[in-house]
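Please walk me through this model, stop by stop.

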Amino acid sequence: MTRGQTTTTTHEQHMEIPVPQVEPRRTIPFQNLRIPGPTQVPPVVLAELSRPLINHRGPEFAAILRRVTTRLQYIFQTTSPVLTFPASGTGGQECALVNLFSPGEHVVAITIGHFGNRFAQIAERFGLQVSRIALPWGEAADPAIVEDRLHELAPYRGVLLTHNETSTGVTNDIKMLTAHIRRQNPDALIVVDAVSSLGCITLEMDAWEIDVTFTASQKGLMCPPGLMMLAAGPRAWEANAQACLPRFYFDWASARKSLERGQHPVTPPVSLFYTLDLALELRLSEGMEAAFARHQHLGEYVRKHVRAIGLLLLADTVHASNSVTAVRVPDGIDAKMLVHTLREGDQVVLAGGQEHLAGKIVRIAHMGSCEVRDLFTALNCLQVRLQELGFQRDTQKEGEASQW
């Protein structure tokens, strides 16, 4: 047998693979999807998935890519090219890391929850030296603590930040944190995970102050999941030219070169670009300030209603997210049973807690295609199911909620 050849046993040659007996397909009922991704998509955007496919190397797709890129530059508030990759938000974390750093370089990860931890874990997996500034879950990163720790941890090549932590319903003050980072280390590469915030929560700062920002289509941009967008500033591109972590699929240089020709370096999910094209048009028609205000209104509505029925929030009001709210499950209530009952009995889908918060919180998302009536229904179902599970309602606070 020559090298590279394989053998097949007699048993394998004569084995018959039976037709698999699987669970039959069934119609999925409409759900009030209140999880932090994937999120509900406007029907008009969802309908774009049924359009005929086109040649991804042809002029029609090139026109879509030009429109999408130009509009994304406005959404990101950057003059740099915005690169779009077929991936989830986690792909954005990996994409940023492998294009900026080299093995053994020191980075600092500011973590306030599950996805900040994941960012740090990916960096470690690729051989970076990672120091964590870990804050209690439910709290935003305290700039003073961050500045002190950064001083202790110097020198470092980059800082990894999560703008909006969906595992806890907390939004970091990126403007303040960035100012402290720049004061400590003006040359540090600042990488911001804005997967669940870009398009619905303002970063409140100039884009040039952040070296890399990335987001995902299914969160703030009202698209089906599957696309990740990333903007890199001049210093990030300079770092990219020197970085030597392995990359192929997520190679910025290859993506930028293809973008200049109106193409992707690999076969893109054409149908998802149809949806992104229309979703961006709708978002710009609404206006970014209006979108920020709408999400703030939705966040305030949920927080007020939750408190009015006697439940406690995980995050403090100042740093509570306007795209997802984490609610403490009352003592004596089985969180898994609560989520299960809402899904099966009411078609209301909430998310549970992650890591050590599993069974202790439920998360209610108010991003994507979301209106007050969706939240009103979900919150009232939550209130009824809690009562059935033994939670005593506060009628006085209920009256306060009804006046909203």
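The tour below goes from the cores to a sheet, then to salt bridges. Keep in mind that the model is predicted.

**Stop 1: the cores**

Select Val 212 and Trp 252. These two have the most contacts inside the largest nonpolar core, a set of 86 residues. Now color helix 10, residues 270-286. Helix 10 gives this core its largest share, 8 residues.

Go back to Val 212 and show what surrounds it. Leave out its neighbours within four places in sequence. Val 212 is then in contact with Ala 96 and Leu 100, with Ile 190, Val 191 and Val 192, with Leu 230, Ala 231, Ala 232 and Ala 236, and with Trp 252.

Next, select Val 302, Ala 335, Ile 364 and Leu 375. They are among the members of a second, separate core of 26 residues.

**Stop 2**

Switch to cartoon view. Look for an open sheet of 5 strands in the order 1-13-14-12-11. Its pairing is mixed. Which strands stand at the edges? Select strand 1 (32-34) and strand 11 (312-313): each has a single partner strand, so one side of each is left without a neighbour in the sheet.

Zoom in on strand 1 and strand 13, residues 348-352. They pair in the parallel sense over 3 bridges. Pick Asn 32; its bridge partner in strand 13 is Val 348.

Helix 12 (residues 335-346) touches strand 13 and strand 14 (361-365). Its direction makes about 160 degrees with that of strand 13. Helix 13 (residues 372-388) also packs on the sheet, touching strand 1, strand 13 and strand 14. The direction of helix 13 makes about 85 degrees with that of strand 1.

**Stop 3: Leu 338**

Stay with helix 12 and select Leu 338, which is found there. Is Leu 338 buried or exposed? At 2% relative accessibility, Leu 338 counts as buried. Show its contacts, not counting residues up to four places away in sequence: Leu 338 touches Val 362, Leu 382, Arg 385, Leu 386 and Leu 389. Leu 338 and Phe 115 are 24 Å apart, C-alpha to C-alpha, and 223 residues apart in sequence.

**Stop 4: salt bridges**

The count comes to 17 salt bridges. Start with Arg 67 and Asp 277, whose closest N and O atoms are 2.6 Å apart. Arg 67 lies in helix 3 (residues 59-76) and Asp 277 in helix 10, so the pair ties together parts that are 210 residues apart in sequence. Arg 67 is partly exposed at 36% relative accessible area, whereas Asp 277 counts as buried at 9%.

Move to Arg 157 and Glu 105. Their closest N and O atoms are 4.0 Å apart. Arg 157 is partly exposed, at 30%. Glu 105 is partly exposed, at 25%.

Then select Glu 371 and Arg 373. This salt bridge has its closest N and O atoms 3.0 Å apart. Glu 371 counts as partly exposed at 41%, while Arg 373 is exposed at 60%.

Finish by selecting Arg 67, Arg 71, Asp 277 and Glu 281 together. Salt bridges that share partners join these residues into one network.

Definitions and conventions:
Residues are numbered from 1 along each chain as its sequence is written. This is a predicted model: local features need pLDDT of at least 70, side-chain atom pairs count only at pLDDT 80 or more; totals for chains, interfaces and linings use all residues. Side-chain values use heavy atoms; hydrogens and water are left out. A nonpolar core is a set of buried Ala, Val, Leu, Ile, Met, Phe, Trp, Tyr and Cys residues joined through side-chain atoms within 4.5 Å. Buried means under 20% relative accessible area, exposed over 50%, partly exposed in between (1.4 Å probe, protein chains only). Helices (H or I, at least four residues) and strands (E, at least two) are DSSP runs, numbered from the N terminus. Contact means heavy atoms within 4.5 Å. Two strands pair if DSSP finds at least two bridges between them. Axes are lines fitted to C-alpha atoms, for helices over the stretch in contact, and angles run from 0 to 180 degrees between N-to-C directions. A salt bridge is a side-chain nitrogen of Lys or Arg within 4 Å of a carboxyl oxygen of Asp or Glu.
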